[in-house]
2 protein chains.
Amino acid sequence: MARWEGDAAGRLRSAAMDLYAERGYEQTTVAEIAERAGLTARTFFRHFADKREVLFAGSSDLADALVGALKDAPGPASPMAAVGLALEVSTTFLGRDHQHSRRRQAIISANPELMERELIKMATLGSAMAAGLRERGVPEPDASLAAQAGIVVLQVAFGRWIESPVETDLAAEMRSALDRLIALQSH
Amino acid sequence: MARWEGDAAGRLRSAAMDLYAERGYEQTTVAEIAERAGLTARTFFRHFADKREVLFAGSSDLADALVGALKDAPGPASPMAAVGLALEVSTTFLGRDHQHSRRRQAIISANPELMERELIKMATLGSAMAAGLRERGVPEPDASLAAQAGIVVLQVAFGRWIESPVETDLAAEMRSALDRLIALQSH
DNA sequence: TCCGGTGATGTCACGTGATGACATCACCAC
DNA sequence: GTGGTGATGTCATCACGTGACATCACCGGA
């Protein structure tokens, strides 16, 4: 068997992706994922908190990068400008593998439970960015508004990037969406 | 017992609220909720899809009202102006009972699973509003950006209303938050 | 060379959430 | 009163998730 062959978490991740894609999230049991990875269900839950989390590993890295970008933004930058820089940074995480992103997003969009998990990850990201803005001296409610508005831009831009038939530039989508949001407020 | 005494869903809702508040969401079993309401666990699941949903009944009414407000908004109103009108309407649903809203939100905020459910309800609300804006002729990505930005405003304003020590006016919080968001974009 | 520690994995038992199938009860129209 | 209808109860079952304990591979030191 595959026991002791290393990278158990990685094997579980790809086994889960394959099975979720093949037969759907709900129709896949944790035991089946583990079996395909040469492990047991109990071990699955040692690597991932629950059946959904296997699709969301590494999301805290993204949060750290975004908060770091806010900290590194030039002092005089406005809140939304700082958020724009953070969104720029996010594209280096999210825009890496279009094929993989497409597959993963199709799985998530097809299931409400997975959507819930995605949304709480995004909301957490927004809260972290709001904290980063407060660190920069931005008061509430401005910090939360700017941060969560930034998350909206990120999600809309990412969605368009995913759905685009030709492979576009994610950073360009981000800038475009942010511009549109700003344009919507001017009257 | 309380079988056949009418308003089973209502009894289950208040039993759940009480128990969730007393001992926490996770420490409460569905059987306990049903027992307090004089019913069985099986009946609980006939009225509510799952253990979380008992806290979120009636959220589709809110969605209908918001979409209706978008439809009734004056033709020349800009997307964000229409969203502002919809937010105004939302306060008649959300700002009804400050005491109850506080209790409910405390329960939800204390538990990630409940937060997930709240977030997907809000996201669904945003999607419905985006569809309403498209109905008004607003193209994508503007429709989604304006709608989801409106949801951000709603959430921030509602949070401030909930946390305010003195009872403020929810509609005023909404207008204030929307103004702040607009101000953040102007440079 | 072996011995013991350490971390990852397996095995077992269990409570809970959630659902299908079927029985039972209250109520209402005729 | 009879039969239909909707709400509820009972029973069986499966999957998720977790605690407790056993087992395995590997590595460093005597």
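Predicted model: local features only at pLDDT ≥ 70, side-chain atom pairs only at ≥ 80, totals over all residues.

Before placing anything relative to a helix, I noted what counts as one: helices are DSSP runs of H or I with at least four residues, numbered from the N terminus.

**Entry 1**

Is Asp7(B) buried or exposed? I counted 10 other C-beta atoms within 10 Å, and the cut-off for exposed is 12 or fewer, so Asp7(B) is exposed.

I then turned to chain A. Asp7(A) sits in the segment before helix 1 of chain A, and its phi is near 50°, again positive in a residue other than glycine. Asp7(A) has 10 other C-beta atoms within 10 Å and is therefore exposed.

**Entry 1: chain A as a whole**

I listed the secondary structure of chain A and got nine helices and zero strands. Read from the N terminus, the order is α-α-α-α-α-α-α-α-α. The C-alpha trace of chain A spans about 60 × 35 × 25 Å along its principal axes. Of the 187 residues in chain A, 34% are buried.

**Entry 2: two helix pairs in chain A**

I started with helix 1 (residues 8-23) and helix 6 (residues 98-109) of chain A, whose axes come within 10 Å and cross at roughly 60°. Helix 1 of chain A and helix 6 of chain A are therefore oblique to each other. The crossing of helix 1 of chain A past helix 6 of chain A is left-handed. Met17(A), Tyr20(A) and Ala21(A) on the helix 1 side meet Arg103(A), Arg104(A) and Ile107(A) on the helix 6 side. By class I noted four nonpolar, no polar and two charged residues in this contact.

Next came helix 4 (residues 59-72) and helix 7 of chain A, with axes that come within 9 Å and cross at roughly 25°. Angles under 35 degrees count as roughly parallel, so that is how helix 4 of chain A runs to helix 7 of chain A. This crossing is right-handed. From helix 4 of chain A, the residues involved include Leu62(A), Leu66(A) and Leu70(A), and their partners in helix 7 of chain A include Leu125(A), Ala128(A) and Met129(A). The contact divides into nine nonpolar, three polar and three charged residues.

**Entry 3: loops and cis bonds**

The bond from Glu140(A) to Pro141(A) is cis, with omega near 5°. Pro141(A) lies in the loop between helix 7 and helix 8 of chain A. In chain B, the bond from Glu140(B) to Pro141(B) is cis as well, with omega near 5°, and Pro141(B) is in the loop between helix 7 (112-135) and helix 8 (142-163) of chain B.

I stopped at one more proline, Pro74(B), in the loop between helix 4 (59-72) and helix 5 (79-94) of chain B. Pro74(B) counts as exposed because it has 8 C-beta neighbours inside 10 Å.

**Entry 4: chain A against chain B**

How many residues does each chain bring to the contact? I found 27 residues from chain A and 27 residues from chain B. On the chain A side, helix 5 (79-94), helix 7 (112-135), helix 8 (142-163) and helix 9 (170-185) each supply at least two residues. Helix 8 of chain A has the largest share, nine residues. By class, the chain A side has 17 nonpolar, five polar and five charged residues.

**Entry 5: the DNA strands**

Around DNA strand C I found 16 residues, the closest being Ala8(A), Arg42(A), Thr43(A), Asp50(B) and Lys51(B). Helix 3 (41-47) of chain A, along with helix 2 (30-36) and helix 3 (41-47) of chain B, gives two or more residues each to this surface. Helix 3 of chain A has the largest share, three residues. The surface near DNA strand C has seven nonpolar, three polar and six charged residues.

DNA strand D also has 16 residues around it, and Asp50(A), Lys51(A), Ala8(B), Arg42(B) and Thr43(B) come nearest. Here helix 3 of chain B gives the most, with three residues.

Note on methods:
Residues numbered from 1 in each chain as written. Chains lettered and ligands numbered in written order. Near = placed C-beta within 6 Å. Nonpolar A, V, L, I, M, F, W, Y, C, P; charged D, E, K, R; others polar. Contact = placed C-beta atoms within 7 Å. Buried ≥ 20, exposed ≤ 12 C-beta atoms within 10 Å, placed from the backbone. Axes fitted to C-alpha atoms, helices over the stretch in contact; angles between N-to-C directions. Parallel < 35°, antiparallel > 145°, perpendicular 65-115°, else oblique. Left-handed = near helix turned anticlockwise from the far one by under 90°.
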